[in-house]
Amino acid sequence: MHGRRLRRLSRRPGQSSRCAAFIATVLLAILRPVPHGVRRIHRQRSTSHFSKDISMTLTIVGYGNVGSGLAKQFVKAGHSVTLTGRSLDKAQAVAEAVGAKALPMAEAAKNVEVVVLAVPYDQAPAALAALGDLKGKVIVDVSNPLTADYMGLTVGFSTSAAEEIAKAAPTAYIVKAFNTLFAQVMHQGAGFGDAKGSVFFAGDEPKAKDTVKALIESIGFDAVDAGGLKNARYLEPVAGLNIYFGYGAGLGTQIAPAWLKR
Ligand SMILES: NC(=O)c1ccc[n+]([C@@H]2O[C@H](COP(=O)([O-])OP(=O)(O)OC[C@H]3O[C@@H](n4cnc5c(N)ncnc54)[C@H](OP(=O)(O)O)[C@@H]3O)[C@@H](O)[C@H]2O)c1
């Protein structure tokens with residue numbers, strides 16, 4: 001039936017090359033390797049038109065502004081999301097609101113591929129310790145090491161929050177990402193009219209970076225490879241600039257950087 005239809009189509013002028021191109025595109029999509037720790041979804045789901053067809057199991061530590069915003073988008077994109085934190089009741093309340101589940105910290109990282117650390121920078125070591133064994137896990141560091149007035153950074157030039165967090169989880173793969181977006185943008189989603197926001201990601205392990213790139217793209221943002229983890233030294237000041245634009249220059253929090261190329 002499909003073969004007959006394809007043959008009929010291929011007899012129309014100009015159609016045969018389009019059919020061949022379509023078949024080649026489908027075959028390429030099927031055969032393209034899937035990044036480390038990522039499963040394809042074989043079901044239809046309603047997500048933003050930017051979303052890619054992948055599913056991951058992930059845990060978000062912290063159910064605050066960032067944790068809840070990312071949880072909302074990841075659930076919408078079809079990922080299996082667990083929220084955790086110091087209060088299981090609070091994690092449960094947010095999880096219920098966004099369609100995720102909640103687990104105590106000691107349980108939450110056991111069976112997941114990716115852990116998103118959405119806690120204040122100075123709480124990162126304590127949070128990592130409470131998660132238990134993190135060997136081989138991809139840890140997404142979203143933190144910005146801000147001064148108390150949010151107008152400066154407490155580390156920089158010769159290290160970064162991401163590199164310091166990596167020291168606290170030496171057997172895991174740390175990838176810096178999402179730190180240059182306001183939590184309000186995470187809640188609202190990637191689209192800015194016809195454009196979309198960029199999420200920079202930096203890390204030293206290529207497969208872990210592939211996973212985070214897929215995660216970023218799954219919720220509709222443009223994933224921009226920012227090199228090794230050391231380049232978090234550049235990304236954390238970009239977040240500082242974003243905060244200045246949002247609050248200092250009065251542009252508000254529905255803003256996001258985008259890196260153009262041509
Ligand atoms: N807000 C933004 O626009 C934004 C944007 C980009 C990046 N970031 C970064 O994202 C991170 C989170 O920011 P946020 O605005 O979401 O902060 P938040 O609203 O204050 O949430 C912080 C979360 O971390 C939890 N937490 C604190 N210490 C913890 C610990 N030791 N173990 C486990 N959980 C702990 C808190 O829960 P309990 O206090 O109940 O334990 C809370 O759920 C920060 O590193 C920030 O720099 C923020």
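Residues carry numbers from 1 along each chain as its sequence is written. In this predicted model, local features need pLDDT of at least 70 and side-chain atom pairs count only at pLDDT 80 or more, while totals for chains, interfaces and linings use all residues.

Me: What makes up the secondary structure of the protein chain?
Reply: The protein chain has ten helices and twelve strands. Helices (H or I, at least four residues) and strands (E, at least two) are DSSP runs, numbered from the N terminus.

Me: Why is Met105 called buried?
Reply: A residue is buried if 20 or more other C-beta atoms lie within 10 Å of its own, exposed if 12 or fewer, and partly exposed in between, with C-beta atoms placed from the backbone. Met105 has 20 C-beta neighbours inside 10 Å and therefore counts as buried. Met105 belongs to helix 5 (residues 105–108). Across the protein chain, buried residues make up 42% of the 262 residues.

Me: Which residues does Met105 touch, not counting those up to four places away in sequence?
Reply: Contact requires that the C-beta atoms of two residues, placed from the backbone, lie within 7 Å. On that basis, Met105 touches Thr84, Gly85, Ala130 and Leu131. Gly85 is 20 residues from Met105 along the chain, yet their C-alpha atoms are separated by 5.9 Å. For the protein chain, 67% of contacts between residues at least 6 apart in sequence join residues at least 24 apart.

Me: What is said of phi at Phe157 and at Phe178?
Reply: Most residues other than glycine have a negative phi. Phe157, not a glycine, has a positive phi of about 65°, and Phe178, not a glycine either, has a positive phi of about 70°. Phe157 lies in the loop between strand 7 and helix 7 (161–168), and Phe178 in the loop between strand 8 and helix 8 (183–188).

Me: Is Phe157 buried or exposed?
Reply: Phe157 has 8 C-beta neighbours inside 10 Å, so Phe157 counts as exposed. Phe178 has 28 C-beta neighbours inside 10 Å and therefore counts as buried.

Me: How many residues of helix 9 are buried?
Reply: Ten of the 13 residues are buried, so helix 9 is largely enclosed by the rest of the structure. Among the buried residues are Ala208, Val212, Leu215 and Ile216. Their cover includes strand 2 (54–55), strand 8 (173–177) and strand 11 (198–203).

Me: What span should the 13 residues of helix 9 have at 1.5 Å a residue?
Reply: The expected span of a helix is 1.5 Å times one less than its number of residues. For helix 9 (residues 206–218) this gives 18 Å, and its end C-alpha atoms are 18 Å apart, so the two values agree. Just after helix 9, Gly220 takes a positive phi of about 95°.

Me: What makes helix 3 mostly covered?
Reply: Ten of its twelve residues are buried; they include Val66, Leu70 and Phe74. These buried residues pack against strand 3, strand 4, helix 4 (88–98), strand 6 and helix 8. Helix 3 reaches 17 Å from its first C-alpha to its last, close to the 16 Å expected.

Me: What surrounds the ligand?
Reply: The ligand has 26 residues around it, with Gly62, Gly64, Arg86, Gln123 and Ser143 the closest. A residue is counted as near a molecule or strand if its C-beta atom, placed from the backbone, lies within 6 Å of it. Helix 3 (65–76) and helix 6 (124–131) each supply at least two residues of this shell.
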